[in-house]
Amino acid sequence: MFSGRKTKEFYIDLQDSRYYNPGEVVRGDVVLDVAKPTKINHIKIALTGTVHVGSNVLTLFTREDEIASDPNGSHVLEAKSNRFSFELNIPGANAELPTSMKLGDGSSHISYTLLATLKRPFVPAPLAPEDTREISVVEKIDVSNPEYDHPVPEQDDQVMVDGTTLTVGIPKAAFVRGDIMPVSIKVQCAEDFGKADAIRVALVRRFHLFGKGRRELLGEENAREPIYRDLIANSDNDHSYESTIKMFIPPASPPTTGSSGRILRYKYQST
């Protein structure tokens, strides 16, 4: 009947294929198609969150349940397509769950996986049919919260050797994936100056992953493709240059997490 652990007759069918937030419920069915009456014990369904860093694995949580069970023990399923519903809760906001993502070169990743295992009489665990299905979990951050809905104070003026000053400003403290983030640039030169691509602005992502005892397991920094602007400052513009550069926030960007985050910390900065 079953040719191996992975089989097309036994699979997970999610009710919603979407992004989930911490605290939400994952619903679906485990489907078992049998061509003849088949005796089973039950089906075990589990949802596990894990962080993989090289050969190291950190388990964030596990939620599991037994479905397709019978109070009397083993029972026989009819020859048909059998569907057994399940509901598993993702831990809430207090669990500080990080967003699903690949890290570095992809060998390290954060994943949330459903695992269904069919338990049958006299079938050893290593041979039990199973199916897996990954879900995407995204931290929920409300960018309309007053904590974020205000202009970011301009960074302190950076004074160059020749007396030139650079001022950078951002109109609010939070953006969502797919947003356009306007970055205002003001350069005040002490004398005439002109150079192509003199201004470079890039969105930099800094990532830190922590293990037990706040020990850093992984740290990396990545900059998106920078945007360049020519700088021309002379007496015609009072040796001053102003521009607003629009930066696209990639749809796949994980949200920023605060420095108090137990598992990991992400930070974005325009440079």
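The discussion below takes the terms in turn.

Mentor: This is a predicted model, in which local features need pLDDT of at least 70 and side-chain atom pairs count only at pLDDT 80 or more, whereas totals for chains, interfaces and linings use all residues. Residues are numbered from 1 along each chain as its sequence is written, and side-chain values use heavy atoms, with hydrogens and water left out.

Trainee: How many helices and strands does the protein have, and what makes a run count as one?
Mentor: DSSP runs define both: a helix is H or I over at least four residues, a strand is E over at least two, and numbering starts from the N terminus. The protein has zero helices and 20 strands.

Trainee: Why are E5 and E10 called paired strands?
Mentor: Two strands pair if DSSP finds at least two bridges between them. Strand E5 (residues 42-53) and strand E10 (residues 108-119) are joined by eleven bridges and run antiparallel, so they meet the definition of a pair.

Trainee: Why is Thr117 called buried?
Mentor: Buried means under 20% relative accessible area, exposed means over 50%, and partly exposed lies in between, with a 1.4 Å probe and protein chains only. Thr117, a residue of strand E10, has 9% relative accessibility and therefore counts as buried.

Trainee: Which residues does Thr117 contact, leaving aside its neighbours within four places in sequence?
Mentor: Contact means heavy atoms within 4.5 Å. With those neighbours left aside, Thr117 is in contact with Phe10, His42, Ile43, Lys44, Ala128, Pro129 and Glu130.

Trainee: What makes His75 a buried residue?
Mentor: His75 belongs to strand E7 (residues 75-77), and its relative accessibility is 15%, so His75 counts as buried. Beyond its neighbours within four places in sequence, its contacts include Thr38, Ile40 and Ala68.

Trainee: How do you know that the side chain of His75 makes a polar contact with Ala68?
Mentor: A polar contact is a pair of N or O atoms within 3.5 Å; within protein, one must be able to donate a hydrogen and the other to accept it, and residues adjacent in sequence count only if both atoms are side-chain atoms. A polar atom of the His75 side chain lies 2.7 Å from the backbone oxygen of Ala68, a distance that falls within the cut-off. Ala68 is in the loop between strand E6 (56-67) and E7 and, at 11% relative accessibility, counts as buried. Ala68 also has a positive phi of about 55 degrees although it is not a glycine.

Trainee: What joins the side chains of Asp29 and Arg83?
Mentor: A polar contact of 3.3 Å joins them. Asp29 is found in strand E3 (residues 25-33). Asp29 and Leu14 are 15 residues apart in sequence and 6.3 Å apart in space, C-alpha to C-alpha.

Trainee: Why is Arg18 said to lie over the face of Tyr20?
Mentor: A charge sits over a ring if NZ of Lys or CZ of Arg is within 6 Å of the ring centre and within 35 degrees of the ring normal. Arg18 lies over the face of Tyr20 at 4.2 Å from the ring centre, so the distance is within the 6 Å limit.
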